[in-house]
Each structure stands twice: as C-alpha cells, then as structure tokens.
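Hello,

Here is the structure I promised to hand over. My notes on it follow below.

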Amino acid sequence: MTTTSRWRALTHHHLFWPVAVLVALLLVNVPFTPDFFAIHMTNGHLYGSLVSIVLFGSPLILVAVGMTLVIATGGIDLSVGAVVAITGALTCSYISDQADQGALSSVLLAMGLGLIAAVVCGLWNGFLVARMGIQPIIATLIIMVAGRGVAQLITDGQIITINSEPYKLIGGGYWLTLPFSIFVVAAVVAVTVLLTRRTALGLLVESVGGNAEASRLVGIRSMRIKIMVYVFCAVCAGIAGLMISSNTSAADGNNAGLWIELDAILAVVIGGTSLLGGRFSIGGTVVGALVIQTLTTTIYTIGVPTQTNLVFKAAVVIVVCLLQSPKFRAKVFGGRAKTAGPAAPAAVAEPADSAPKMEVS
Amino acid sequence: MSTTTRTPATPGAPERRTTSRSARLLGDRRLPVLVTAGLFLVMYIVGLSRYQNYGFGDSQVFLNLFIDNGYLLVAAVGATFVIMSGGIDLSVGSVIGFTTMLTAWLVQDVGLPLLLVIPISLAVGAFGGFLMGYVIHNFEIQPFIVTLAGLFLFRGLCLVISKESIAIDDSDVSSLAQTRVPLGVGDLSIGAVVALVVLAAAFYVLHYTRFGRRVYAIGGNEQSALLMGLPLGGTKIAVYTMSGFCSALAGLLFMLYIQSGDPLHAVGMELDAIAAVVIGGTLLTGGSGYVLGTLFGVLVLGLIKSIIQFEGTLSSWWTKIATGVLLCAFILIQRVMTTRRKT
C-alpha cells in the first residue's frame with residue numbers, strides 16, 4: 001500500500017472529517033489556554049478541560065445517539081427536549097415527595113418512573129409514525145408542544161429542587177476518579193454499537209430507512225423496527241433528562257433540555273449520518289456531539305462573548321450542510337461528487353443524494 | 001380548492017363500511033377548515049356560557065383576539081405559504097425576536113426615525129428568508145436544516161445586539177401602538193388591522209393568482225410541477241422570502257404590542273405558527289389548505305389563551321397541553337382524510 005493510497009483511505013473514512021473538525025477545534029484552544037490538554041488529579045477526581053467537555057456533553061451524546069437511529073430509519077424526533085423535561089420533572093417530584101430523599105430504593109423507583117414516562121412517549125411517537133403513517137416531524141411535534149406543558153403540570157409550574165445524595169451521582173457524581181455520567185454514556189453507546197453492529201439490527205434499521213415498503217416486502221417488520229427505534233430514542237432522552245436534573249438537583253419543566261433536539265440533530269448531521277435515512281454512524285454522532293460541546297467550550301475559553309455562541313453554531317450548521325450537499329460540491333469542486341463511490345441503497349429513489357456523505361473534500 | 005364532487009368510495013377500498021355520503025364528506029378538502037371553524041364556535045359558546053357574568057360576551061373581548069394575536073396571525077400566514085409549498089420554516093420565532101431587537105436598537109439607541117426603521121427591518125427579514133430559500137433550492141438541503149440554521153443565526157444576532165431587553169419610549173412608537181381604529185362595536189389596534197390586511201392579501205395571492213397556483217402545485221407534487229415547466233426555484237425562493245417578510249412584519253407588530261425589544265421574545269413561536277396552520281387544516285405535506293383556515297387556527301389558539309385567562313385558576317401550561325391535544329386531533333383527521341383520498 002503506497003502512502004497516497006493510505007492517505008486516500010484515511011481521508012475517505014466516514015469519521016475522518018468529523019474527527020478532523022474536532023481536533024482542529026481542540027487545537028484552537030491551545031494558544032489561549034496553554035494547558036488545555038492537561039488533566040490533573042484533585043481530591044481523587046480527575047479535572048481538566050477534556051474531562052469537562054465529556055461531562056457537559058454527556059446528555060447531548062445520549063440524546064444524539066438515540067436520534068441517530070431514528071434518523072437512520074428516515075425519521076426525526078423533535079420531542080426529545082420535552083421528554084428530557086418530563087423525565088426530570090417526574091423523577092424529581094417523586095423524590096421530593098419522599099420523607100427520606102437519600103433512600104436508594106426510592107431514588108431507583110423514581111428513576112424507573114421517569115424512564116417509564118419516556119418509554120410511553122416513545123411508544124406514542126412510534127405509534128403515530130409507524131402505525132398511523134404520519135410524517136415523523138409532525139408526529140413528534142405533538143409531544144414537543146404539549147410535553148413541556150405536561151412537565152410543568154407535574155412540577156406545578158415550579159422549579160422543584162431536591163437534595164438526594166444517590167440521585168446526585170448520575171449527573172454530578174464521580175466514580176473511579178471520573179464523572180459518573182461518562183460511564184453511563186459509555187455503557188449506552190457500547191450497548192447501542194453492540195446491538196446495531198454485532199447483530200443484524202443495524203442492518204434492519206438501515207434497510208427500513210432506505211425503503212420501508214421494500215423492507216416490509218422482503219419480510220422485515222418495518223413497523224416494529226420503527227416503533228422500537230422511537231422508544232429507544234425516548235429512553236436515551238429520558239436518561240439524559242435524569243442526568244440533567246441530577247446535575248442541577250432540580251427539575252425545570254420549562255428550560256430543561258431546551259433546544260437539545262436541535263443540537264442532537266446537528267450532532268447527527270455533523271457525524272455524517274444522512275438525514276435521508278438508510279445509513280448511520282454511531283461513532284460519527286458521538287464525535288459530532290463532542291464537536292458541538294467543544295465549540296461551546298472553545299467560545300468560552302477564547303473569550304468570544306458567549307452570546308455569539310448561536311451565531312457560530314449557525315455558521316457550523318451551514319458549512320457542514322453545504323459540504324454534505326452533493327449539489328454544492330458539484331458546483332464548487334467541479335462535479336467530482338458524482339463519481340464518488342458506489343451507490344447506497346437509497347440510490348433507487350435519489351441517485352444524486354446517494355454519494356457517501358462527508359467523504360469528498 | 002376544487003369544488004368538484006368526489007366519487008363515492010370504490011368497493012373493496014378500506015372505507016367500504018362507511019356510506020358513500022360520509023365518505024364524500026370526509027374527502028372534502030374544506031372539511032378541516034369547517035371543523036376548525038366549528039370548534040371555534042363551540043369554544044366561544046362554552047366560554048359565553050361559563051363567563052357571561054365576567055363580560056366574555058363583550059364584543060371587545062372578541063376583537064381582542066385579533067389585537068392580542070395579530071402578530072401570530074401574520075407569522076402564521078407566512079408559514080402557511082411555506083407549508084403549502086411542502087416546506088417548513090423553523091426560523092419564524094427567531095426572526096420575530098430579532099426584528100423586535102433590531103427595531104428597538106435602531107429607534108432607541110441609534111435614533112433613527114420609525115418611518116426609516118420599518119422598511120429596514122422588513123428588508124432584513126425578507127433578505128434572511130431569501131437567503132434560506134436560495135440555499136434550500138440551489139444546494140438541495142432540507143428546509144428543516146437550513147431554517148434551523150436560520151433559527152440559530154437570528155437568535156444569535158439578537159444576543160449580539162444586546163443581552164438585555166431594550167424598552168422603547170419613542171413617541172412615534174407609543175402613539176402608533178396606542179392608536180385605535182373604531183369599529184362601532186369596539187376598536188382594533190393598528191397591529192390587528194395590519195394583520196387583517198396581510199390576511200386579505202395572502203388570500204388573494206394564494207387563491208387568485210398564478211403564483212398561488214404554483215405554490216399549490218409544487219406542494220402537491222414537486223416532480224410534476226417541474227415537468228409542467230413551472231419555475232420551481234423562483235417560486236420556492238419567493239415563498240421563503242415571503243415567510244421572512246411576514247416574520248419581520250410580525251416582529252414589528254409584536255414590538256408595537258409589547259413596546260420593547262428582547263433577545264428572548266417569541267422563543268418557540270414558530271411552533272405556534274405551525275400549530276395554527278395545521279389546526280387550520282393545511283396539509284403539512286403541502287399542496288392542500290386554505291389561508292382562512294390559518295385565521296381560524298390562530299383564533300382557536302387565541303381563544304384557548306383567553307378562556308384560560310378568564311378561568312383564572314388554570315395555569316399557562318394548560319395552553320401548551322391544549323394546543324398539543326388539538327394539534328394531535330387535527331393531524332389524525334388529516335391523516336384519515338389523506339388515506340381516503342389516495343384510495
């Protein structure tokens with residue numbers, strides 16, 4: 001293998017561009033904070049910018065991983081922010097009703113309740129999308145609009161604060177010197193990757209996303225796959241909700257997880273998963289979520305006024321989307337996009353869009 | 001749209017059990033609008049019976065629906081065009097917030113006269129919409145993502161102007177905001193009148209002009225519209241430009257209504273606008289619906305709010321829940337209707 005072909009193989013890997021962006025963003029920090037990559041131990045806990053990026057990015061990674069599978073089936077889930085709020089509200093209000101807020105059993109029960117609520121939301125979304133055949137963006141809009149109302153109903157419009165040591169662990173605690181939420185995220189990501197890449201499940205999801213009707217005809221229960229994926233996404237959002245409410249020790253029906261659905265979709269897109277469905281990359285999504293969190297951190301550290309955060313984000317969305325657009329690449333780079341790689345399953349419907357995303361610079 | 005009677009259900013189709021008359025009724029595209037109008041009437045009568053003693057029957061309470069929701073009506077009219085063409089615009093709320101911020105800043109801190117500020121804000125909004133439409137059409141990126149970027153961008157620009165809200169004490173603005181148009185049974189604010197004018201203009205454009213036909217055609221089936229030789233790109237870009245313009249106008253009305261600019265004004269209002277359009281019976285897949293339906297959608301949402309105000313004990317989150325339930329009901333109605341139409 002020559003050096004150039006190795007380089008080509010590297011740059012054509014689907015994770016190359018997301019990782020390159022992440023590394024570039026991390027490096028931007030170094031001139032401003034020379035010890036950016038330093039990690040030090042204080043009180044038996046590891047501290048450092050890298051650790052906090054993963055810590056603060058944990059809920060987003062979780063939501064984005066769930067969103068990846070939904071998007072892989074050609075759908076989208078706008079309700080995750082509301083599910084975050086509902087789960088947090090239910091769990092915190094249950095814990096705050098207990099006489100002993102530190103009791104492990106009641107905390108576990110509260111978390112179970114919260115996650116059941118998330119599952120119900122997921123089943124409802126899946127029912128509307130798969131059974132009723134409603135466009136995902138519209139079906140999930142219902143919980144997006146009503147969900148925050150439900151969360152506020154649960155908390156009675158107040159911000160419920162709790163004081164529970166065991167519950168604090170998930171979002172703000174440390175374990176084996178690292179933030180506990182990192183382990184939760186690692187577990188969820190590992191389970192997802194195992195399920196989708198070591199079993200046929202991932203293939204089935206991609207097949208449903210490529211063409212749901214064709215998948216049904218070859219004997220895949222596409223309806224069941226879709227419902228399952230929405231439930232999974234809601235559970236991921238639920239865990240993120242537990243994490244967020246645990247980190248702040250409070251449930252805020254109005255602001256918990258606000259706009260997280262948009263960040264999650266953005267993370268998925270940056271990670272190279274096509275919004276058209278049919279193919280996905282969990283690794284890409286994790287990197288995408290880290291890119292977003294790093295962007296936020298970078299904006300803080302280099303001293304750009306924090307209010308321009310959103311403008312930066314908008315610029316990143318536009319640049320990433322333009323780079324992914326075959327038509328844009330064809331116009332700017334002179335038609336090379338058309339010759340890129342073999343056609344994906346989605347090629348039947350949209351030949352122009354089937355070129356592998358993110359692989360052509 | 002079309003007034004031709006639909007053919008009765010064919011034997012063997014899923015709706016075999018229903019009689020042909022009810023099948024025909026369900027197939028009528030005007031049904032969602034009628035349902036919404038009926039819902040509005042029922043809600044109004046319920047409100048009358050419950051709060052008669054508190055002055056709910058006062059004609060001014062009815063007119064207040066227009067005064068308090070004029071900006072939403074304008075934004076929803078813009079969203080109607082976009083949704084009718086098969087797209088979606090998530091940037092509405094941000095553009096509204098940005099416009100309040102921009103006008104407040106220009107009037108208050110820069111000191112420009114209001115007469116100059118209004119065209120500037122409208123132009124900025126329309127240009128934002130144009131840019132989004134341009135990217136959506138020319139680079140074939142999904143409207144959802146492009147307008148999402150617009151959402152971030154305009155909300156960010158709000159904060160770039162100022163993190164604090166800017167109160168407006170300009171005499172032109174306050175006199176304009178306080179001007180009332182007498183109607184005999186009550187009065188309307190300038191904002192409400194502008195909203196009704198926009199509604200009338202949109203009604204004319206969508207139902208009586210060539211441009212309106214193109215919007216319907218593209219929403220109905222983009223491929224067919226292209227094959228028919230309709231100017232796809234121009235129409236699409238024009239639709240998003242109009243939506244940006246309407247959002248900016250809604251922002252101006254909101255600024256008049258609230259007399260301040262705030263970076264957090266109208267967060268999430270795009271959802272209200274989309275909900276109003278859906279409740280008004282416009283098909284979210286595009287190609288079918290009426291502007292008048294959007295009016296009823298806005299009125300129903302406004303009526304929920306004012307009933308909750310009259311109830312007093314109910315809290316504001318019931319508005320969100322009620323909106324969600326209504327949204328759900330109308331989406332399901334539309335779904336039932338579209339499956340019938342296809343068979």
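**The A–B interface**

Chain B and chain A bury about 3,800 Å² between them, 80% of it on carbon and sulfur atoms (buried area is the accessible area, 1.4 Å probe, that two parts lose on being put together, summed over both). F139(B), F152(B) and W317(B) supply 18% of the area that chain B buries here, more than any other three residues.

This is a predicted model: local features need pLDDT of at least 70, side-chain atom pairs count only at pLDDT 80 or more, and totals for chains, interfaces and linings use all residues. Residues are numbered from 1 along each chain as written, chains are lettered from A in the order in which they are written, and side-chain values use heavy atoms, without hydrogens and water.

On contacts (heavy atoms within 4.5 Å), 37 residues of chain B meet 45 of chain A.

**The core**

The largest nonpolar core has 197 residues. Such a core is a set of buried (under 20% relative accessible area, 1.4 Å probe, protein chains only) Ala, Val, Leu, Ile, Met, Phe, Trp, Tyr and Cys residues joined through side-chain atoms within 4.5 Å. Among those with the most contacts inside it are F144(B), F152(B) and Y167(A). Leaving aside neighbours within four places in sequence, F144(B) touches I76(A), L78(A), I137(A) and I265(A) in chain A. In chain B, F144(B) touches I88(B) and L90(B).

Best wishes

Note on methods: Buried < 20%, exposed > 50% of the residue type's maximum accessible area, 1.4 Å probe, protein only.
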